[in-house]
Amino acid sequence: MLRVLAVDDEKPLLEELLYLLRSDPRVHSAEGASDATEALRRVNRALETGPDGPDGIDVVFLDIHMAGLTGLDIARLLAGFARPPLIVFVTAHEGFAVQAFDLKAVDYVLKPVRPERLAEAVRRACAQLGRAKEVPVAAAPPAGPPAVVAAPRPAPEAAAPDRGPEQIAVELGGVTRFVAIADIAYVEAQGDYARLHTDEGSHLVRIPLSTLEERWAARGFVRIHRRHLVALGRVDELRLDSGTTTVRVGAAELQVSRRHARELRDLLMRHATG
């Protein structure tokens, strides 16, 4: 159960955000602050009383553009505390995502806030807090994935132009995981994001499905529906039933739109015989 502080200097937007947060059963309490000064005062009081105190705050949902200190400024100040709350940025601007994740943000939610997108941010915060409680603050980080990436990796632009990079970076709560593109069975559109489905689970990335379609065409990913890309080599079955075409990819059954059905059948046949 999360204790949340939401910070936004536009009152209607703050009230809407608080309404959505309080509607989530995983949120124990959600209070608001309309400027940086009030937000820092509330967080400082929470830190003074301790994580289990009556004023405790687990997560701060921060707007970025505010009068005075910005949300990024507040996050930098909070990072100086020994046990700062988690940060989720809520903003109308896409251009600060890199800075946000550099500050170990749990998530980066774009306005106007959609309830399902906010619910994903709450889920991430719960998962991050769950992991933090399993490991004492002074303990060494556990071995094995997920691992915080320390070694530099080549940027995607430096990869071979024909196929692109072999992996895709997935951010989650300040941790960067590198998922092999060969392990991805299909991709699902979720608004401005895409969910990558592998045999081990799924990962959300802030890349439109249309961009991944273009980048991964040389790797055998094809569009079968406005919501889905599939890896041709991971399609187990193509089925036509009463005029509806579907494919089975592992345990998932995905619908194929009519405009893509004929092309997909041809591609699968060439892939199987080639």
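This presentation describes the fold, the packing and a few side-chain arrangements of one protein chain.

Good morning. The model is predicted, so local features require pLDDT of at least 70 and side-chain atom pairs pLDDT 80 or more, while totals for chains, interfaces and linings use all residues. Residues are numbered from 1 along each chain as its sequence is written, and side-chain values use heavy atoms, leaving out hydrogens and water.

I begin with the chain as a whole. The protein chain has 7 helices and 15 strands; these are DSSP runs, H or I of at least four residues for helices and E of at least two for strands, numbered from the N terminus. Of the 274 residues in the protein chain, 43% are buried, where buried means under 20% relative accessible area, exposed over 50% and partly exposed in between, with a 1.4 Å probe and protein chains only. Among contacts in the protein chain with a separation of 6 or more, 53% are between residues 24 or more positions apart; contact means heavy atoms within 4.5 Å.

The largest nonpolar core has 23 residues, and Leu5, Val7, Val60, Leu62, Phe89 and Tyr108 touch the most other members. By nonpolar core I mean a set of buried Ala, Val, Leu, Ile, Met, Phe, Trp, Tyr and Cys residues joined through side-chain atoms within 4.5 Å. Two or more residues each come from strand E1 (2-7), H2, E3, helix H3 (71-79), strand E4 (86-91), helix H4 (97-102) and strand E5 (107-110). Another core, of 22 residues, lies apart from this one and includes Ala6, Leu18, Leu118 and Ala121.

In E4, 6 of its 6 residues are buried. Leu86, Val88 and Val90 point one way, whereas Ile87, Phe89 and Thr91 point the other way. Leaving aside residues up to four places away in sequence, Phe89 touches several residues, including Leu62, Leu72, Ala100 and Tyr108. E4 pairs with E3 in the parallel sense over 4 bridges, pairing being assigned if DSSP finds at least two bridges between two strands. Within this pair, Val59 stands opposite Leu86.

Is Asp58 buried or exposed? Asp58 is buried, with a relative accessible area of 13%. Asp58 belongs to the loop between helix H2 (36-49) and strand E3 (59-62). Beyond residues up to four places away in sequence, Asp58 touches Met1, Leu2, Arg3, Pro85, Leu86 and Leu129. The C-alpha atoms of Asp58 and Leu2 are separated by 6.0 Å, although the two are 56 residues apart along the chain.

Elsewhere, 3 strands form an open antiparallel sheet in the order E13-E14-E15. Its edge strands are strand E13 (237-241) and strand E15 (252-256), each pairing on one side only. Strand E14 (residues 244-249) and E15 are joined by 5 bridges, and Thr246 has Gln255 in E15 as its bridge partner.

I close with the rings. How many aromatic pairs does a search of the whole structure find? The search finds 1 aromatic pair. The ring centres of Trp216 and Phe221 are 5.1 Å apart and the planes lie at 50°, so the pair is tilted. Rings of Phe, Tyr and Trp (its six-membered ring) pair if their centres lie within 6.5 Å; planes under 30 degrees apart are stacked, over 60 edge-to-face and the rest tilted. Trp216 and Phe221 are both buried.
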